Structure formats: structure tokens, C-alpha cells
Amino acid sequence: MKSRDSLIRLKRFQVDEKRRQVAQIEMMITDFNRMVSDLDDQIVSEQNRVGIHDVAHFAYPTFAKAAIQRRDNLKVSIHDLEVKLGAARDELAMAVEDLKKIELIEERDQMRERAERDAVEQETLDEMAGRRHAFGR
């Protein structure tokens, strides 16, 4: 029993850890999306300030070019994180499934032990009742 209790604790820890990983990746994606939005605003603002919206124009602002590059890099990172998020969610689902299997086995074993104890108790009570009946009490 103790080894199974340890296994259940381990599986619960693993599930919690997978949940933290999923949450962390989701938070990073949210942060990166916010940064992309901020960079988009900065790019438009810079373009409007200078009055040049054509990236190929010789006088296109260097700041806007750099912001576009950062934004594109963030979009690539977001895509990579979304792939990792999918994998992390799959791992979480498998960890939860493993935990449920072990918990069900533990519950089944406890029910069987309870049934065995109840049967022994009932047998003892039946024996006591039989003795009382046999001795007329």
C-alpha cells in the first residue's frame, strides 16, 4: 500500500508540474502577443510620424524596420510556443490519465478490502448469533 501511496503522490506531482508548464507556456504566448500588438502600434506610429509607409522606400525609418524584425521574430516564437503548448497539453492529458488509472486501482483495492472486512465481521456476527441460538439465549 505504501508504494502505491507514493506512486499516487508522484503522479499527482507530475500532473501538477504539467499543469504549471501548460500555464507558463500560455502566459508566455499571451505576453508575446501583447508585445506583437505593442510593436504593431509603434510601427504604425513611426510610419505616421515620418509619413512613409513603404518598407522598400530608401528613407523608411530604421526604428520601424527594427520593430518589424522584432515583431516577426516574436511571431515565430509564438508559433514555436504553440507547438510546445500542444505537446505539453498532450503530456498533461496522459499524466492525468495515468493518475486516474492508479487512483481507480487504489479505490478498487480499498473496496475489496472493505468487502473482505465486512464479510469477516458478518461471519463473526453469524457465528455469535448461532451460538446464542444454540444455547437458547
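Let's start with helix 1. It covers residues 2-50, 49 residues in total, and reaches 71 Å from its first C-alpha to its last, close to the 72 Å expected at 1.5 Å a residue. That expected span is 1.5 Å times one less than the number of residues. Helices here are DSSP runs (H or I, at least four residues), numbered from the N terminus.

A word on the source. This is a predicted model, where local features need pLDDT of at least 70, side-chain atom pairs count only at pLDDT 80 or more, and totals for chains, interfaces and linings use all residues. Residues are numbered from 1 along each chain as its sequence is written, and side-chain values use heavy atoms, with hydrogens and water left out.

Which residues of helix 1 are buried? Among them are Ile8, Val15, Ile25, Phe32 and Leu39. Buried means under 20% relative accessible area; exposed is over 50%, partly exposed in between (1.4 Å probe, protein chains only). Helix 2 (62-134) is included in what covers them. Just after helix 1, glycine 51 has a positive phi of about 85°.

Now the salt bridges. There are 15 in the structure. Each is a side-chain nitrogen of Lys or Arg within 4 Å of a carboxyl oxygen of Asp or Glu.

Take arginine 4 and glutamate 106: their closest N and O atoms are 3.3 Å apart. Arginine 4 sits in helix 1, glutamate 106 in helix 2, 102 residues apart. Glutamate 106 is buried, at 7%.

Next, arginine 71 bridges to aspartate 40, at 2.9 Å. Arginine 71 lies in helix 2 and aspartate 40 in helix 1, so this pair ties together parts 31 residues apart in sequence.

Technical notes:
Helix = DSSP H or I, 4+ residues; strand = E, 2+ residues; numbered from the N terminus. Contact = heavy atoms within 4.5 Å.
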